[in-house]
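Subject: Structure handover

Hello,

Here is the structure for you to look at. My notes on it follow below.

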Amino acid sequence: MNHTSSTIHEASQPWSEKYRPRSLDDISAQEETVAVLRKTIVSQNLPHMLFYGPPGTGKTSTILAIARELYGPENMKIRVKELNASDDRGIDVIRQKVKKFARNTIGNPISDGYSCPPYKIIILDEADSMTHEAQAALRRLMEDYSTTTRFCIICNYVTRIIEPIVSRCAQFRFKSLDNFSAKSRLQMICDKERVIYEPEVLDELVKVANGDMRMAIMYLQTAYSVYKDEVITTKFFIPDAVIEELIQSAQSHSFNNIEKAVSHFILSGYSAVQLLSQIQDHIVYDNDNRFSNIQKANMAICIGEMDKCLADGCDEHLQILNLIATISKNILFSEEMITD
Ligand SMILES: Nc1ncnc2c1ncn2[C@@H]1O[C@H](COP(=O)(O)OP(=O)(O)OP(=O)(O)O)[C@@H](O)[C@H]1O
Ligand SMILES: [Mg+2]
């Protein structure tokens, strides 16, 4: 890759990837977990591992950092297999892909100064969305290939993993990032990217992201894309109550209410781009289970379309009005489908 294309690649990269911790030292806020893992690396004898905890707390980054420290950046390409269980959650993927990789014998690695222990690592990300049959098949594979392979099973909810797998793994809990750690990490990124901001902005970001570092970094990057070289202000973050007002106007199915809520939103001076990220968290992730799957899917389509229109420079007021009215229509339409 020449210099120009690598610069373009870096510029278009999401900051959450660009600033993914490369080593265990770089992982913030998981001191106890990292300390135990570091000891395991020194002993070279990795157990099967189960990482669990909320999104954006460093689970995937940690296993990749371990692999890099054991094998080095080159060897890890052939020694580590990352499978995203929720893309391919059936029993077939476990039988075929895992078996094929686990069975292949390891060639002679170029050690390059790395210890390169004689086993491979299979990372099964988002394992809590695997079926029980697939998990049962995995249990068997873990036993059959334990001399040549270590599994790292990653999930948000440990209770969704079957007991025989849990008991075969060393368990590591990842906790939500505390405000201080999350803020320092954001500060580091702001310094590197030359972002200028009001001092309260980082506190606000950390509060909105609620311990999810990926989300905090994504919001920061969105804010930067809106403000560019100007000072980012706390006005960027939309209070939950304001978003709820828009959602409730959609749920009321009254165009007057929608018009009123949207005008109020616009007059308050919030950014439409930020509304998209935050409304998505309210609706698509929907912690209170207010919306059905069909409703969420339809609303996700509206959000995606609005994102494109805003990027093309369309009028913000009209776009938000369109979004809320379309959401309202979709809720009504899918309510009718459900009751039919
Ligand atoms: N503990 C952490 N220290 C530093 N950066 C972090 C940490 N946790 C998350 N991040 C940032 O968030 C991004 C996503 O982290 P990662 O993929 O490791 O999260 P995860 O715990 O695997 O989340 P998920 O459950 O959603 O898969 C990283 O690329 C990094 O920029
Ligand atoms: Mg992950």
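I start with the ligand. The model is predicted, and in it a polar side-chain atom of Ser61 lies 2.5 Å from an oxygen atom of ligand 1. Two other side chains are worth noting here. In Lys59, a side-chain N or O atom is 2.8 Å from an oxygen atom of ligand 1, and for Arg214 the corresponding distance from a side-chain N or O atom to a ligand oxygen is 3.0 Å. On its own, ligand 1 would expose 620 Å², and the protein buries 95% of that area. Two elements give two or more residues to the shell around the ligand, namely α4 (59-79) and α10 (213-227).

There are 19 residues around ligand 1, and those that come nearest are Ser16, Ser28, Lys59, Thr60 and Ser61. By class, the shell holds 7 nonpolar, 8 polar and 4 charged residues.

Asp125 is buried and has no salt bridge. The nearest side chain of opposite charge belongs to Lys59, at 6.8 Å; a salt bridge would need a nitrogen-to-oxygen distance within 4 Å. What Asp125 does have is a polar contact, side chain to side chain, with Thr60 at 2.9 Å. Both Lys59 and Thr60 are among the residues that come nearest to ligand 1.

On the chain as a whole: it has 15 helices and 5 strands. Its C-alpha trace spans about 70 × 55 × 40 Å along the principal axes. Of its 340 residues, 46% are buried.

The salt bridges come to 10 in total. Three of them are described here.

- Arg168 with Glu143: the side chains meet at 2.2 Å, N to O. Arg168 is in the loop between α7 and β5 and Glu143 is in helix α6 (residues 132-144), so the pair ties together parts that are 25 residues apart in sequence. Arg168 counts as partly exposed because its relative accessibility is 26%, and Glu143 is partly exposed too, at 40%.

- Lys183 with Asp203: the closest N and O atoms are 3.1 Å apart. This pair links distant parts of the chain, with Lys183 in helix α8 (residues 179-193) and Asp203 in helix α9 (residues 200-209), 20 residues apart. Lys183 is partly exposed, with a relative accessible area of 26%, and Asp203 is partly exposed with 40%.

- Lys308 with Asp312: the closest N and O atoms are 2.8 Å apart. Both of these residues are exposed.

Where does Cys169 lie? It is in the loop between α7 (163-166) and β5 (170-173), the loop that also holds Arg168. Cys169 is buried because its relative accessible area is 10%, under the 20% limit for that class. From C-alpha to C-alpha, Cys169 is 9.8 Å from Arg150, and the two are 19 residues apart in sequence.

Regards

Technical notes. Residues are numbered from 1 along each chain as its sequence is written. Chains are lettered from A and ligands numbered from 1 in the order in which they are written. This is a predicted model: local features need pLDDT of at least 70, side-chain atom pairs count only at pLDDT 80 or more; totals for chains, interfaces and linings use all residues. Side-chain values use heavy atoms; hydrogens and water are left out. A residue is near a molecule or strand if one of its heavy atoms lies within 4 Å of it. A polar contact is a pair of N or O atoms within 3.5 Å; within protein, one must be able to donate a hydrogen and the other to accept it, and residues adjacent in sequence count only if both atoms are side-chain atoms. Accessible areas come from the Shrake-Rupley method with a 1.4 Å probe; for residues, only the protein chains shown count as cover. Helices (H or I, at least four residues) and strands (E, at least two) are DSSP runs, numbered from the N terminus. Ala, Val, Leu, Ile, Met, Phe, Trp, Tyr, Cys and Pro count as nonpolar, Asp, Glu, Lys and Arg as charged, and the others, Gly among them, as polar. Buried means under 20% relative accessible area, exposed over 50%, partly exposed in between (1.4 Å probe, protein chains only). Lys and Arg count as positive and Asp and Glu as negative; His and the chain ends are not counted.
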